[in-house]
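Please look over the model shown here before reading on. The paragraphs below go through its open spaces, its packing and a few backbone angles.

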Amino acid sequence: MRNPADLPVTLADVQAARDKIAGAVERTPCLHSKTLSRIFNCEVWLKFENLQFTASFKERGALNKLLSLTAEDKARGVIAMSAGNHAQGVAYHAGRLGIPATIVMPAYTPFVKVRNTEGHGAKVVLHGSTLAEASQHARDLAAKHKYVFVHPFDDPYIIAGQGTLALEMLEAAPDLDTLVIPIGGGGLVAGCAVAARGVRPDIEIIGVESTTFPAMAQRLRDEPVRVGTETIAEGLAVRDIGEIPLTIARALVKDVLLVDEAIIEEAIALLIEIEKTVTEGAGATGVAALLQHGHRFTGRKVGIVLCGGNIDSRILASILMRNLVREGRLIRIRVRLPDVAGALAKLTKVVGDAGANVVDVEHQRLFGVFSVKSTEVELTLETRDRAHVEQLLAELDLNGFAANLLGASE
């Protein structure tokens with residue numbers, strides 16, 4: 001394994017960044033979660049980077065980079081490419097320091113991130129359907145207008161700034177033996193690996209990616225990079241991993257785990273329900289790793305970075321409802337009834353007596369109905385859990401109602 005002192009970013013760089021950004025970036029809480037520790041049979045500590053002013057760790061690297069610029073650089077202005085969180089970090093601190101900023105964002109970027117970036121005083125340019133296309137356009141504008149390009153992850157100052165959060169984690173929880181770090185372009189995992197292993201050489205650094213964007217895992221295995229097109233974790237939707245982060249990851253990262261999209265959704269809902277904190281998709285991937293690869297962490301002292309909290313409220317609402325369906329707390333059933341007075345009232349009474357709550361009723365007589373003398377009713381119901389669903393179906397059957405449980409996609 002390569003000597004950490006020979007890497008492009010060193011512990012001394014991270015420590016210098018910590019001193020430079022102190023007071024301008026929040027020292028976010030790093031707290032022990034008793035409930036998650038019990039659920040996953042390990043000691044879980046959460047680093048709440050979603051509580052930064054711009055709701056993301058990206059402020060750290062952005063500010064460290066901006067503070068490295070000369071007066072001439074600052075006067076020319078900066079430009080950045082980002083799907084959202086890097087954009088807000090650059091925009092906020094550039095505005096605070098009086099540096100003109102232009103941000104190029106892919107066209108798919110959630111509106112909340114576009115609005116917040118503009119709110120910090122930056123000029124936003126929406127361009128391209130991928131980060132690569134947005135990046136090229138940003139570089140073209142930088143060359144045309146002589147802006148300083150602030151890369152979101154492939155820059156030593158950015159990486160050193162991101163690593164400051166790992167120093168804070170180990171100060172809050174010195175006994176941590178594992179850090180679980182989300183991977184997009186690799187700046188966060190690289191910075192945290194340099195910082196944590198510089199302080200604790202034996203600590204394990206575990207990266208996490210979505211199964212739809214496993215670019216770092218593929219690069220580390222020297223495989224061709226093949227990624228998908230969509231993910232709930234927009235912050236991880238990176239095809240081209242930074243070369244500096246890749247070099248550091250090869251030397252210091254123990255493993256990269258992949259998590260499914262549905263598991264990321266489940267992790268977002270779990271953090272709201274247990275920790276009462278909102279994360280975006282990328283911010284929840286550390287907890288998703290515990291959900292999908294729990295055996296990997298049994299008995300360990302695990303630090304998880306909740307790296308961001310910028311999620312569209314519509315998407316969040318949909319995730320919460322979809323999670324109720326997964327847990328059996330929101331179901332749909334189809335019941336065939338005789339088309340006579342009082343049949344529906346009897347059905348709803350059985351449902352109510354069984355402890356379920358009727359959310360919606362669809363009652364139709366024409367399509368796919370067995371007989372002109374029968375009707376079909378679809379009920380959307382609130383239930384306690386899957387065991388309660390089984391009890392409800394048994395109670396309906398006992399009272400002469402043949403109910404079919406419908407899947408979420410029907």
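Predicted model: local features only at pLDDT ≥ 70, side-chain atom pairs only at ≥ 80, totals over all residues.

Residues are numbered from 1 along each chain as its sequence is written, and side-chain values use heavy atoms, with hydrogens and water left out.

Points are joined across faces, edges and corners, and a volume is the space filled by probe spheres set on them. One cavity of 30 Å³ or more is present, and the largest cavity holds about 330 Å³. Its lining has 30 residues, with F57, K58, G184, G185 and G235 nearest the centre. Fifteen is the nonpolar share, written as 15 nonpolar beside eleven polar and four charged; here Ala, Val, Leu, Ile, Met, Phe, Trp, Tyr, Cys and Pro count as nonpolar, Asp, Glu, Lys and Arg as charged, and the others, Gly among them, as polar. Helices (H or I, at least four residues) and strands (E, at least two) are DSSP runs, numbered from the N terminus. On that numbering, α5 (85-97) and α9 (187-199) each supply at least two residues of the cavity lining, and α9 gives the most, with three.

The largest pocket has a volume of about 590 Å³. Among its 27 lining residues, Y108, T130, L131, F213 and A237 lie nearest the centre. Helix α7 (residues 131-145) contributes the most to this lining, with five residues.

Returning to α5, is this helix mostly covered or mostly open? Ten of the 13 residues of α5 are buried, meaning under 20% relative accessible area, where exposed is over 50% and partly exposed lies in between (1.4 Å probe, protein chains only). The buried residues of α5 pack against α3 (58-67), β3 (78-81), β4 (101-105), α6 (111-119), β6 (148-150) and α8 (156-172), contact being heavy atoms within 4.5 Å. After α5 comes G98, with a positive phi near 75°.

A nonpolar core is a set of buried Ala, Val, Leu, Ile, Met, Phe, Trp, Tyr and Cys residues joined through side-chain atoms within 4.5 Å. The largest such core has 75 residues, of which L179, I205, I248, F297 and I304 touch the most other members. Helix α9 gives the most to this core, with eight residues. A second, separate core of 19 residues includes L69, V78, V114 and V150.

K47 lies in strand β2 (residues 43-48) and is buried, at 0% relative accessible area. Not counting residues up to four places away in sequence, K47 touches residues including R27, R60, E168 and I304.

Most residues other than glycine have a negative phi. A55 is not a glycine, yet has a positive phi of about 65°; A55 sits in the loop between β2 and α3 and is buried at 12% relative accessibility. K276 also has a positive phi, near 55°. K276 lies in the loop between α12 (261-275) and α13 (285-292) and counts as exposed, at 65% relative accessibility.

Note on methods:
1 Å grid on protein atoms, 1.4 Å probe; cavity = no way out; pocket = protein on both sides within 12 Å on 5 of 7 lines; lining within 4 Å.
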